[in-house]
Amino acid sequence: MSTLRFAAVNADGLLADLDLPPASYRALLKLRALSEPGGLIAIDQASIGGLLNLSRPSANAALRRLELARLVWKVRNGVYQINPMLAGYHTPQDAVAAVNAMAQEDRLDARGFVAGYHRAVADYEDQLARQRTKRKAQATAKKAAAARRRSSLHAVS
């Protein structure tokens, strides 16, 4: 059996326009190299990190960016699907059939694909900032409550 795979498109220009972090490019290339025909791959974040010499948080961040760009989808824990337009196939006909079956919004040639990625990243970063602010407020409230409890204690003689 040949290891030669066919892809539906040459998306190098589009991928460059996304301006992904370097770890995301590396993760995408590794996932493509290891995936089954059609783009399905069973691998967890720790394994990806190990293959790329990345920490688990760095591997997770790399995969998150690929998901925001709709280049990779998490099917379930430990299973990912590469965008059908980037996945490899046994035959060119298989590649074309997979692309024709795709939802329009997931296609790399959809109008505004790159702008959509940048909006998704901005929204995600805003969500993270809100979560950090909330955690900081909760920590401050917890410290204040502890300080009030300490100040209300008095020595009993």
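This is a predicted model: local features need pLDDT of at least 70, side-chain atom pairs count only at pLDDT 80 or more; totals for chains, interfaces and linings use all residues.
A residue is called buried when its relative accessible area is under 20%, exposed when the value is over 50%, and partly exposed in between. Arginine 70, with a relative accessible area of 25%, is therefore partly exposed.

**Arginine 70 and its partner**

Arginine 70 sits in the loop between helix 4 and strand 2. Its phi is near 60°, a positive value in a residue other than glycine. The side chain of arginine 70 also meets that of aspartate 106 in a salt bridge, at 3.7 Å from N to O. This pair links distant parts of the chain, with arginine 70 in the loop between helix 4 and strand 2 (72-76) and aspartate 106 in the loop between helix 5 (92-100) and helix 6, 36 residues apart. Aspartate 106 has a relative accessible area of 18%, so this residue counts as buried.

A positive phi turns up at asparagine 53 as well, where the angle is near 60° in a residue other than glycine. Asparagine 53 belongs to the loop between helix 3 (45-52) and helix 4. With 72% relative accessibility, asparagine 53 counts as exposed.

**The salt bridges together**

Side chains of opposite charge can pair when their charged atoms come close. How many salt bridges does the model have? The count comes to three, and here they are side by side.

| Salt bridge | N to O distance |
|---|---|
| Arginine 65 and glutamate 125 | 3.2 Å |
| Arginine 70 and aspartate 106 | 3.7 Å |
| Arginine 107 and aspartate 109 | 2.9 Å |

Let us take the arginine 65 pair next. Arginine 65 forms a salt bridge with glutamate 125, and their closest N and O atoms are 3.2 Å apart. Here too the pair links distant parts of the chain: arginine 65 is in helix 4 (residues 56-68) and glutamate 125 is in helix 6, 60 residues apart. Glutamate 125 has a relative accessible area of 40%, which means that this residue is partly exposed.

The remaining pair joins arginine 107 to aspartate 109, with the closest N and O atoms 2.9 Å apart. The two side chains also make a polar contact, again at 2.9 Å. Arginine 107 lies in the loop between helix 5 and helix 6. Is arginine 107 buried or exposed? At 17% relative accessibility, arginine 107 counts as buried. Aspartate 109, at 49%, counts as partly exposed.

**A positive patch on the surface**

Lys142, Arg148, Arg149 and Arg150 form a positive surface patch. Lysine 142 is found in helix 6 (residues 113-152). The relative accessible area of lysine 142 is 66%, so this residue is exposed.

Leucine 31 has its place in helix 2 (residues 22-34). This leucine is buried too, with a relative accessible area of 2%. Leucine 31 and arginine 76 are 45 residues apart in sequence, and 15 Å apart in space from C-alpha to C-alpha.

Terms used
Residues are numbered from 1 along each chain as its sequence is written. Side-chain values use heavy atoms; hydrogens and water are left out. Patches are made of residues with over 30% relative accessible area and no salt bridge: like charges are joined within 9 Å, nonpolar side chains (Val, Leu, Ile, Met, Phe, Trp, Tyr) within 5 Å. Accessible areas come from the Shrake-Rupley method with a 1.4 Å probe; for residues, only the protein chains shown count as cover. A salt bridge is a side-chain nitrogen of Lys or Arg within 4 Å of a carboxyl oxygen of Asp or Glu. Lys and Arg count as positive and Asp and Glu as negative; His and the chain ends are not counted. The place of a charge is taken as NZ of Lys, CZ of Arg, CG of Asp or CD of Glu. Helices (H or I, at least four residues) and strands (E, at least two) are DSSP runs, numbered from the N terminus. Buried means under 20% relative accessible area, exposed over 50%, partly exposed in between (1.4 Å probe, protein chains only). A polar contact is a pair of N or O atoms within 3.5 Å; within protein, one must be able to donate a hydrogen and the other to accept it, and residues adjacent in sequence count only if both atoms are side-chain atoms.
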